[in-house]
Amino acid sequence: MTATSKSHKKEICCRKLLKKLKFEFIEMCRKFGITICKKRFKTMRGKAFIEEKKIKLPSIQNLESLYIALHEVGHIKLGHGLNSTKQKSIKEYEAENFALL
């Protein structure tokens with residue numbers, strides 16, 4: 001097998017994995033009652049609207065954008081709304097951990 005065919009196989013495998021992870025992310029949002037805004041960010045950033053249980057994301061095209069999406073879900077699941085008394089840095093730390101686990 002040539003190096004080119006190995007890298008092509010790896011690329012196909014990565015695309016399939018990302019497609020599966022994206023599907024699982026959408027299912028998780030449904031399970032948690034979280035709405036994904038139809039209008040997307042064009043840059044790699046996200047926004048959680050905690051009280052509305054809604055997230056605005058970039059299009060999920062790679063692991064970085066999937067991570068951003070999970071981070072925003074973390075804010076909602078962890079209750080980082082307006083009534084939270086936690087410091088912003090603590091909320092961000094907790095959302096980072098949610099996304100990684």
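**Close-up A. The largest nonpolar core of the predicted model.** In this predicted model, the largest nonpolar core comprises 14 residues, and those with the most contacts inside it are Phe 25, Cys 29, Ile 34, Ile 55, Val 73 and Ile 76. Helix 1 (3-32) and helix 2 (63-77) each contribute at least two residues to this core, and helix 2 gives the most, with 5 residues.

**Close-up B. The surroundings of Ile 55, one of the core residues with the most contacts.**

**Close-up C. Lys 56, a buried residue that has no salt bridge.** Lys 56 belongs to strand 3, which spans residues 54-56, and the nearest side chain of opposite charge, that of Glu 72, is 12 Å away. Not counting residues up to four places away in sequence, Lys 56 touches Cys 37, Lys 39, Arg 40, Phe 41, Arg 45, Gly 46, Lys 47 and Phe 49. Among these residues, Phe 41 has the charged end of Lys 56 sitting over its ring, 4.4 Å from the ring centre.

**Close-up D. The charged end of Lys 77 over the ring of Phe 32.** Here the charged end of Lys 77 lies 4.1 Å from the centre of the Phe 32 ring. As for pairing between aromatic rings, a search of the whole structure finds 0 aromatic pairs.

Definitions and conventions
Residues are numbered from 1 along each chain as its sequence is written. This is a predicted model: local features need pLDDT of at least 70, side-chain atom pairs count only at pLDDT 80 or more; totals for chains, interfaces and linings use all residues. Side-chain values use heavy atoms; hydrogens and water are left out. Helices (H or I, at least four residues) and strands (E, at least two) are DSSP runs, numbered from the N terminus. Buried means under 20% relative accessible area, exposed over 50%, partly exposed in between (1.4 Å probe, protein chains only). Lys and Arg count as positive and Asp and Glu as negative; His and the chain ends are not counted. A salt bridge is a side-chain nitrogen of Lys or Arg within 4 Å of a carboxyl oxygen of Asp or Glu. Contact means heavy atoms within 4.5 Å. Rings of Phe, Tyr and Trp (its six-membered ring) pair if their centres lie within 6.5 Å; planes under 30 degrees apart count as stacked, over 60 as edge-to-face and the rest as tilted. A charge sits over a ring if NZ of Lys or CZ of Arg is within 6 Å of the ring centre and within 35 degrees of the ring normal. A nonpolar core is a set of buried Ala, Val, Leu, Ile, Met, Phe, Trp, Tyr and Cys residues joined through side-chain atoms within 4.5 Å.
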